[in-house]
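Please read the following note beside the sequence and the structure.

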Amino acid sequence: VHFPDTERAEWLNKTVKQMWPFICQFIEKLFRETIEPAVRGANSHLSTFSFTKIDIGHQPLRINGVKVYTENVDKRQIILDLQISFVGNSEIDLEIKRYFCRAGVKSIQIHGTMRVILEPLIGDMPLIGALSLFFLRKPLLEINWTGLTNLLDVPGLNGLSDTIILDIISNYLVLPNRITVPLVSEVQIAQLRFPIPKGVLRIHFIEAQDLEGKDTYLKGIVKGKSDPYGIIRVGNQIFQSKVIKENLNPKWNEVYEALVYEHPGQELEIELFDEDPDKDDFLGSLMIDLIEVEKERLLDEWFTLDEVSKGKLHLKLEWLTLMPNAENLDKVLTSIRADKDQANDGLSSALLILYLDSARNLPSGKKINSNPNPLVLLSVGHKAQESKIRYKTNEPVWEENFTFFVHNPKRQDLEVEVRDEQHQCSLGNFKLPLSQLLESEDLTMHQRFHLSNSGPNSTINMKIALRVLSLEKQARSPDHQHSAQVKRPSLSKDARKSSFKPQVPVSPTPDLNKPVPASPVTDSDKKTETAEKSQPPNASPQWTTDLSRSSSSLHASNFSYSPSHLSVKEPTPSIASDISLPIATQELRQRLRQLENGTTLGQSPLGQIQLTIRHSSQRNKLIVVFFCRNLIAFSEEGSDPYVRMYLLPDKRRSGRRKTHVSKKTLNPVFDQIFDFSVSLPEVQRRTLDVAVKNSGGFLSKDKGLLGKLLIPLASEELAKGWTQWYDLTEDGTKPHGSS
């Protein structure tokens, strides 16, 4: 496939190869001087944590393509997208002496698109003021651990798992977290690390029409309706609508507000699902380029859903510009009815951006002459966020950024409290009416604020900016017609973005006249490939969010994981379809004896199945294709075979893969490809459970097992793949390969 705007850059790969030993030196320094002290300070149980060996490996990172943006960019910046791939034979060993625990990493893989921004461009050498690096979306990350079980038994880590650890690492690589390298001293590092968002996208998720009916009765004979809900995603901000029961023309009338930090490159992604007790069915998707929304400012139209035969979605999208003055504030307040509503409820008229720098001369807390473990609680109305903890210091430096959506800045306050995490007591607080910001130059204050109920000279240093959200509707001729540019799925379903069903609490149903923005949830749960409309073998983490707290800025750099945030959904075993039941095997053996009836059966009495098995590291999936031949006849008319698969030990309904039924044949051709979302190290610990079954007709008794196959996947050849014929047996044991 040729992408005209993406170019190969072999010269860059040669340069990286030459620089690789020095890049590795930098990474080792980063691990020892930054990561190791941070881990030690994070928890008293980890105070003896250390890296005993750090070897990133001799295989350099590879850049597969480069795209340079020339449109819709500031003249004082250069934006590059690098398609990077790193498959390293890294060796990183760590030790926690206190618990005699040793663990490590044997290999690391990372694949994704990294954005590089060179800004600001200046008129003196070196021409570039600073370099910023980040990922627009979560990269595909694989880590092959050693001794992980021992590590997760350590107090303080026992609520984690390998998938949660991968999610934590991935989220720290994704916007708005970024690595900034200043090249000249004049560049304001805080401004580069935490830039003001490019805009706010207000999404009116209104209604849908003519959706597919997924709920069926009497084994599919009677078509029913669906219970539709939507997943809306902008970057790593996720919103979930309420579920409308038994309706193919649902009306949600919900509104969401999302921050947009980077464009070009970000899209609005929407997917509709039918809620079911076991697995939610896919009802269609939509991707809209945010550049188009920004140009139009206001779009209100029906969009045809992709990847389904029918269905339309009605959206109203507003692009809100962040204005550094209050000229339009009264007009904005009237438009969102903020003059009539409660001060803390409803749509936003402004965005509060806060840079928390540091504090000085904090009191000791409960114990005299002992340094506290300070953190900062910030709240605006019902929304609250907290900073990271800084350990054993009365002069903490946080350098963190926060954002709050503000309903009415004339009535609301910013409340700041510094607390000692160790003794759970207050170290000082202050309240700032946001109306003071309205009177400040550029609606910005940058100063040390004196703390009340604290030490005599206790201060906190913050930069606070208010930005009014303005629609700035463009004037158009009456005959002007425009439809937003909808990004269609690529020709390959494999390239389609993963989607998922995050278990998030649904906000109370808002009225369109007085909508309440729902809270987003950070995109960190295990994703489900809906191109095949199936769930991965791993249970999706269930997110629980306290609705009284703001999660509108969970995507910001102050995001941190806690095991208490996660509650894994209980798996649902699929007992009815499990052909490994002893009775099914017993019936098949009896049938074999009837077929034999004194004669000698051939080498493959139950027939054979051909499997093509391969693991795709790019897609992070195990891919399986198969054909059958010489199956046994289940009745005089032959058999109605189909194949079902599990990736053991997962035998939940959502982990099952099943073909269509091929009627009256002993040599079925299914012409279907199945995949399981699983990493290569994980799949090598699994077993593929394949069963060929006879369907029979509706309410037929002619149902049962035609043969079974169990294949351990602990093979080094899995990445390359193989194709082979296997003998089917009654219980799946001792499969014999056949050329």
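Is Asp 442 buried, partly exposed or exposed? With a relative accessible area of 47%, Asp 442 is partly exposed, where buried means under 20% relative accessible area, exposed over 50%, and partly exposed in between, with a 1.4 Å probe and protein chains only.

1. Basis of the note. This is a predicted model, in which local features need pLDDT of at least 70 and side-chain atom pairs count only at pLDDT 80 or more, while totals for chains, interfaces and linings use all residues. Residues are numbered from 1 along each chain as its sequence is written, and side-chain values use heavy atoms, with hydrogens and water left out.

2. Positive phi values. Asp 442 lies in the loop between α7 (435-438) and β25, the helices (H or I, at least four residues) and strands (E, at least two) being DSSP runs numbered from the N terminus. The phi of Asp 442 is positive, near 55°, in a residue other than glycine. Phe 100, which is not a glycine either, has a positive phi of about 50°; Phe 100 is placed in the loop between β4 and β5 and is exposed, with a relative accessible area of 77%.

3. Strand β1 (residues 49-55) and strand β4 (residues 91-96) run antiparallel and are joined by 6 bridges, and two strands are said to pair if DSSP finds at least two bridges between them. Strand β4 in turn pairs with strand β5 (residues 101-118) in the antiparallel sense, over 5 bridges, and the hairpin of β4 and β5 has 4 residues between the strands.

4. Aromatic pairs. A search of the whole structure finds 9 aromatic pairs, where rings of Phe, Tyr and Trp (its six-membered ring) pair if their centres lie within 6.5 Å, and planes under 30 degrees apart count as stacked, over 60 as edge-to-face and the rest as tilted. One of them is the edge-to-face pair of Phe 49 and Phe 51, at 5.1 Å centre to centre and with 85° between the planes. Phe 49 counts as buried at 6% relative accessibility, and Phe 51 is buried with a relative accessible area of 9%.

5. Phe 430 counts as buried at 10% relative accessibility, and Phe 449 counts as buried at 6%. Elsewhere, one aromatic cluster is formed by Phe 205, Phe 239, Trp 252 and Tyr 256.

6. Charges over rings. Lys 312 lies over the face of Trp 302, at 5.4 Å from the ring centre, and Arg 629 lies over the face of Trp 725, at 3.8 Å from the ring centre; a charge sits over a ring if NZ of Lys or CZ of Arg is within 6 Å of the ring centre and within 35 degrees of the ring normal. Lys 312 is found in strand β18 (residues 312-323) and counts as partly exposed at 35% relative accessibility. Leaving aside neighbours within four places in sequence, the residues in contact with Lys 312 include Glu 207, Trp 302 and Leu 305, contact meaning heavy atoms within 4.5 Å. Lys 312 and Glu 207 are 105 residues apart in sequence but 8.6 Å apart in space, C-alpha to C-alpha.

7. An open sheet. In the order β33-β32-β35-β36, 4 strands form an open sheet with antiparallel pairing. The edges are taken by β33 (657-658) and β36 (704-712), each with a single partner strand, so one side of each is left without a neighbour in the sheet. Strand β32 (residues 641-648) pairs with β33 over 2 bridges in the antiparallel sense, and the bridge partner of Met 645 in β33 is Arg 657.

8. Cis peptide bonds. The peptide bond joining Leu 648 and Pro 649 is cis, with omega about 15°, and Pro 649 is found in the loop between β32 and β33. Another cis bond runs from Glu 119 to Pro 120, with omega near -10°, and Pro 120 is placed in the loop between β5 and β6 (130-135).
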